[in-house]
Each structure stands twice: as C-alpha cells, then as structure tokens.
Amino acid sequence: MSTPDLGGVVVATALPYRADASAPAGLAVDYDAYAAHCRWLIDNGCRGVGPNGSLGEYSSLTDDERRRVARTAIETVGADGIVVVGVHGPGSHQARHWAEIAAEDGAHGLLCLPPTMYRANRGEVLAHFEAVASVGLPVMVYNNPIDTKVDLTPGLLAEIAAIDNVVAVKEFSGDVRRVLEIRERAPGLDVISGADDVVLESLLMGATGWFAGFPNVFPAESVRLFELATSGKLEEAKALYEPLVAAFRWDSRTEFVQAIKLGMDLVGRYGGPCRPPRGPLTAGHHEQVRADMGRALASLGVK
C-alpha cells in the first residue's frame, strides 16, 4: 500500500554481481545476495530501500534485470519497510513506463530524475514529472545537477510541488542553504538529504529523510545518526558524524559506487565489482577509501 511519506533512512542499495561469462560484461546480478542485503538493511533499522538508483547501476542493467531487482527488493522488504524504486529515463514515456511497472509490482514510491542524457528546459521538466506522477504513486523528485545538468532550483521545485503525487525532493546539490528555501517556497514538499556528507547539516535545517549511500556500509550507525539529529541531540550527533564524514564524502564523488562497494567489503559484507562504464578504483583511490574507512571504523570501535 502506498504512503505519501517517503522520509526516514531509505538506502540507495548497491547491487551485487557474480561472475558469469554469459552475462553482460561477464557479471550476472546476484539476486539472492541482493535480497540478503536488503533484509540486512531493514533488520538494522533502516526504514526502506531504494533499488535502481545510480548507486544500483540501473543504467547498466537489461530491462528484465531492472524489473527483477525492484521486485526482489519489494518481496524481501514486504510489510517491514518501504521500497522507493528508481524510474529514471531519458524521456517521460520511458520514466512513466518504469513507474507503471513499479506500481504493478507493489512499490511504495518512486524516485525520479529529470530527463537523463538531455538538458531539459522548464516545461520539459514539468511534463516529465507530470507523466510519472500520473501513475498514482508518491513521487520523490531527484535534484542532481552535477550529473543531469538540470538544476531543480527552489523556484522550480515550487512549481513541481504543485503536481499531484509529488511529495518530496531528494536534494543532492550539496548546497544546504537550499533546505530552508525549499521549505519556504514549497512548504508541502518534504526535503530529503541526498548527499551523505551534508546529511547532518540538512537534517538540522529541517530535512525529514536521508536517501542514503554509505548506510549500505553502516546501516545501524546511520539510523542512530538520523535519530540523534532529528531529536535535537546535537552534541551526540556531531560526535558520531564527524569521524564518518571523510568516508561519506565519497558519496559525492565520481567513484561513489566503487567506493561504497569497497566499504561494504571492508566491513565484511559483499560489495564486489561494478559493470561498465564503472571500472575498478585506482590504487590511490583504493588506498584513500581504506584510510577514510579506517577512521570511521575506529570511531565506531570496529576492528
């Protein structure tokens, strides 16, 4: 059953692969491992999961894989949380297609970028989200001007928020000043922190959720951070957050998928490789992720 509230800690799930010479790029989706990962996140207190985002490498999947990934998450989470499915597409007809499939399969909500691979204008952006929202599920629009070259400014979000079923924005511009301005200009729109390395700042300014990357690595600790921040326990939240930020910064870098998967490997989970266009980390990046993760793990008392 759908809900208009898509807040809390919802994890943009990484996707595990296993070697298979017959699969695209020699890597087959490991659906059993993915289901186990989704269950682990929910069992560690996360409110929900978000399959088929950029962290989930949706653009490297076949259509059949993409649908099965979302179905796996929905079936695994069941009534224990929410599943917000990524329905990104180059055009509104494609995004609406994925939205219709997500609705048919039982998703609770949708995450949607503006048109991908095209720098859409204002009218095209509005038409894109109108098409997706017409399916009837709650929609979280996704502002990622770094990758899409389309900036959902507070003024534009005020217009988007007037579309029926648009309930939230995943804010990934990195500009925490926008949290208050969005709340002022679109008071009915929930602001969801989309960048891990400004999550505490965003929550303190009134964000009501965290659509998160590094909680793939630290789910229980991330939920604790969210709870501290939203209950006004600032000193405790700062003490938990500060040693994690160096690792969290990788969520906003080009190699964020590889870095988060390496982080999963370092805590004894399975991250594994990525499909193209993402290649392995350079030796320097690998060393820096390990160092940043080391600081985070030491602060958490993990050896």
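For these close-ups, Ala, Val, Leu, Ile, Met, Phe, Trp, Tyr, Cys and Pro count as nonpolar, Asp, Glu, Lys and Arg as charged, and the others, Gly among them, as polar. The model is predicted, so local features need pLDDT of at least 70 and side-chain atom pairs count only at pLDDT 80 or more, while totals for chains, interfaces and linings use all residues. Residues are numbered from 1 along each chain as its sequence is written, and side-chain values use heavy atoms, with hydrogens and water left out.

**View 1. The largest pocket and its lining.**
Welcome to the first stop. The residues lining the largest pocket divide into 17 nonpolar, 17 polar and 11 charged. A pocket here is an open set of points, on a 1 Å grid over the protein atoms alone, with protein on both sides within 12 Å along at least five of seven lines; a cavity is a set of points where a 1.4 Å probe fits but cannot get out, and lining residues have an atom within 4 Å of a point. Grid points are joined across faces, edges and corners, and a volume is the space filled by probe spheres set on the points. The largest pocket holds about 920 Å³ of space. Among its 45 lining residues, Ser-54, Tyr-58, Ser-59, Asp-147 and Arg-278 are the closest to the centre. Two or more lining residues come from each of α2 (63-77), α3 (92-105), α5 (145-148), β10 (209-212) and α12. Helices (H or I, at least four residues) and strands (E, at least two) are DSSP runs, numbered from the N terminus. Helix α5 gives the most to this lining, with 3 residues.

Leaving out residues up to four places away in sequence, Leu-152 touches Pro-114, Val-125, Phe-129, Val-141, Tyr-142, Asn-143, Leu-157, Ile-160 and Arg-178. Contact means heavy atoms within 4.5 Å.

**View 2. Asp-105 in helix α3.**
Asp-105 lies in helix α3 and counts as buried because its relative accessibility is 16%. Buried means under 20% relative accessible area, exposed over 50%, and partly exposed in between (1.4 Å probe, protein chains only). Which residues does Asp-105 touch, not counting those up to four places away in sequence? Its partners are Arg-67, Arg-71 and Ile-74.

The structure holds 2 cavities of 30 Å³ or more. About 60 Å³ of space lies in the largest cavity, and among the residues lining it are Glu-171, Asp-175, Val-191, Ile-192 and Ser-193. Strand β9 (residues 190-193) gives the most to that lining, with 3 residues. By class, the largest cavity is lined by 5 nonpolar, 3 polar and 2 charged residues. The second largest cavity has a volume of about 50 Å³, and its lining includes Asn-52, Arg-66, Arg-67, Trp-98 and Ile-101. Here α2, β5 (82-86) and α3 each supply at least two lining residues. The lining of the second largest cavity has 6 nonpolar, 2 polar and 2 charged residues.

A search of the whole structure finds 0 disulfides, a disulfide being a pair of cysteine sulfur atoms within 2.5 Å. Cys-38 is buried, with a relative accessible area of 0%, and Cys-46 counts as buried at 4%.

Most residues other than glycine have a negative phi, and most peptide bonds are trans. Ala-25 has a positive phi, near 60°, and lies in the loop between β2 (17-19) and β3 (27-29). Glu-57 also has a positive phi, about 55°, and is found in the loop between β4 (48-50) and α2. Ala-25 counts as exposed at 53% relative accessibility, whereas Glu-57 is buried at 0%. The peptide bond from Pro-276 to Pro-277 is cis, with omega near 15°, and Pro-277 sits in the loop between α12 and α13 (283-299).
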